[in-house]
Amino acid sequence: MILHTLNTSPSSPAFADCIRLLRKGDALLLLGDGVYAAIKGTRACIELNNSGAELYLLQPDTAAAGLQNRIDDTLTPVDYEGFVALTERFPKQQAWY
Amino acid sequence: MIYSLLVLSSPCSGQGSVTALRFAQAVIERDHQIQRIFFLDEGTLAGASSMVSPQDENDTVQLWANFAIKHKVELILCVSSALKRGLLDSGEAERYEKTAATVHPAFEISGLGQLIDASVASDRLITFGG
Amino acid sequence: MSTINKKSLLVVVRHSPYGSSLARTSLEVALSSATFDQDVGLLFIGDGVLQLLPEQDSSTIGVRNIARLIASFPLYDLETLFADKAALAQYGLDLQELPEKLQLLDDDAMANLFKCYDHILSF
């Protein structure tokens with residue numbers, strides 16, 4: 001129902017607050033420093049998977065961070081048109097930063 | 001659909017401002033309309049005409065200006081955020097007796113009412129912060 | 001300014017009162033919405049609950065007082081206020097010290113709150 005966007009790293013208060021409110025039926029887009037939560041096997045990544053939400057990753061930011069071969073395959077990379085497509089499906093956005 | 005954007009991210013720190021711009025470009029590419037882009041708090045620095053960018057980095061002010069001119073999109077800087085950060089158009093510069101106008105002409109300075117108005121008129125309101 | 005259509009707005013505030021300009025900005029947006037007769041709610045979550053501490057004396061740092069701004073909300077009919085119950089407990093904030101109409105929410109209630117508004121403004 002809600003599109004959450006997160007652009008700070010897993011050690012940030014924003015990550016903790018986001019996890020608390022992320023629900024099945026929501027989507028989460030990681031961008032900026034948020035992409036570090038997609039590193040496979042990390043506690044952050046496990047927490048994201050446990051939320052039941054759809055998980056997405058902004059591709060240019062993932063490449064900038066050097067994470068192309070390190071991300072968990074439960075996350076779907078999207079480009080900017082994919083980002084807009086998410087906002088078409090989810091009428092409301094909560095930005096965590 | 002009609003979109004409005006709220007941009008809080010500074011163009012000088014982090015990627016938020018350019019991210020918002022690239023999102024706005026993709027909104028147009030997907031055949032939606034943009035009602036308004038409202039810059040607030042640190043986001044207002046996107047309108048700083050005196051900003052000098054390193055040659056190998058984005059000139060964010062110019063990128064926003066080019067986008068707005070090409071697609072006829074309204075870029076609004078919140079007046080109280082802008083004044084605090086030394087962003088004045090010629091009217092404000094004269095009023096406050098400051099030496100120069102420092103806002104790029106592609107941007108307009110206005111109040112929070114423009115954000116509220118945009119939210120009422122829009123199907124989607126997307127915030128970019130941090 | 002068109003008020004024929006209204007949209008309900010939830011202003012989500014996550015920042016402490018004086019550590020950045022976002023706290024003041026967020027409250028001004030909420031007040032503006034109320035002034036323009038919009039249906040607005042304000043959610044204080046995480047460190048945002050620190051804005052609710054009652055005895056702030058911001059004259060010591062030369063900025064406007066956030067607590068005083070919050071106390072003025074009823075004058076603008078801004079009375080739909082929510083706060084993160086867990087964060088209030090974490091910071092030891094006593095219910096008696098908080099605005100009268102503040103509704104305390106747990107995580108599930110806050111997640112549900114997002115669904116109740118047309119737009120979310122995230123600060």
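Predicted model: local features only at pLDDT ≥ 70, side-chain atom pairs only at ≥ 80, totals over all residues.
Residues are numbered from 1 along each chain as its sequence is written, while chains are lettered from A and ligands numbered from 1 in the order in which they are written.

## Chains B and C

Helices and strands are DSSP runs numbered from the N terminus, helices being H or I of at least four residues and strands E of at least two. Chain B has 5 helices and 5 strands, arranged along the sequence as β-α-β-α-β-α-α-β-α-β. In chain C there are 4 helices and 5 strands, and from the N terminus the pattern is β-α-β-α-β-α-β-α-β.

The table lists the overall values for the two chains. A residue counts as buried if 20 or more other C-beta atoms lie within 10 Å of its own, as exposed with 12 or fewer, and as partly exposed in between, the C-beta atoms being placed from the backbone. Two residues are in contact if their C-beta atoms, placed from the backbone, lie within 7 Å.

| Item | Chain B | Chain C |
|---|---|---|
| Span of the C-alpha atoms along the principal axes | chain B: about 45 × 35 × 25 Å | chain C: roughly 45 × 35 × 25 Å |
| Buried residues | chain B: 51% of 130 residues | chain C: 41% of 123 residues |

Two strands pair if DSSP finds at least two bridges between them. Chain B contains an open sheet of 5 strands in the order 4-3-2-1-5, with parallel pairing. Strand 4 (107-110) and strand 5 (124-128) of chain B are at the edges with a single partner strand each, so one side of each has no neighbour in the sheet. Neighbouring strands of this sheet are turned against each other by 25° on average, direction ignored. Axes are lines fitted to C-alpha atoms, for helices over the stretch in contact, and angles run from 0 to 180 degrees between N-to-C directions.

Strand 2 (residues 33-39) and strand 3 (residues 75-78) of chain B run parallel and are joined by 3 bridges. I37(B) stands opposite L75(B) of strand 3 of chain B. Helix 5 (residues 113-121) of chain B lies across strand 1 (2-7), strand 2, strand 3, strand 4 and strand 5 of chain B, and runs at about 155° to strand 2 of chain B.

## The sheet of chain A

Chain A has an open sheet of 5 strands with parallel pairing and the order 4-3-2-1-5. Its edge strands are strand 4 (76-78) and strand 5 (92-96) of chain A, each of which pairs on one side only.

The bridge partner of Y56(A) in strand 4 of chain A is T76(A). Helix 1 (residues 13-21) of chain A packs on the sheet, where this helix touches strand 1 (2-6) and strand 5 of chain A; the direction of the helix makes about 160° with that of strand 1 of chain A.

## Contacts between chains

Helix 4 (residues 80-89) of chain A packs with helix 1 (residues 16-29) of chain B at an angle of about 70°, with the axes 8 Å apart. Angles of 65 to 115 degrees count as roughly perpendicular, under 35 as roughly parallel, over 145 as roughly antiparallel and the rest as oblique. Helix 4 of chain A and helix 1 of chain B are therefore roughly perpendicular to each other. Helix 4 of chain A makes the contact with Y80(A), E81(A), F83(A) and V84(A), and helix 1 of chain B with R22(B), F23(B), Q25(B), A26(B), V27(B) and E29(B). By class, the residues of this helix contact are 6 nonpolar, 1 polar and 3 charged. Ala, Val, Leu, Ile, Met, Phe, Trp, Tyr, Cys and Pro count as nonpolar, Asp, Glu, Lys and Arg as charged, and the others, Gly among them, as polar.

The contact of chain C with chain A takes 13 residues from chain C and 11 residues from chain A. On the side of chain C that touches chain A, helix 4 (107-115) and strand 5 (119-122) of chain C are the elements that give two or more residues. Helix 4 of chain C gives the most to this side, with 5 residues. The side of chain C that touches chain A has 6 nonpolar, 3 polar and 4 charged residues.
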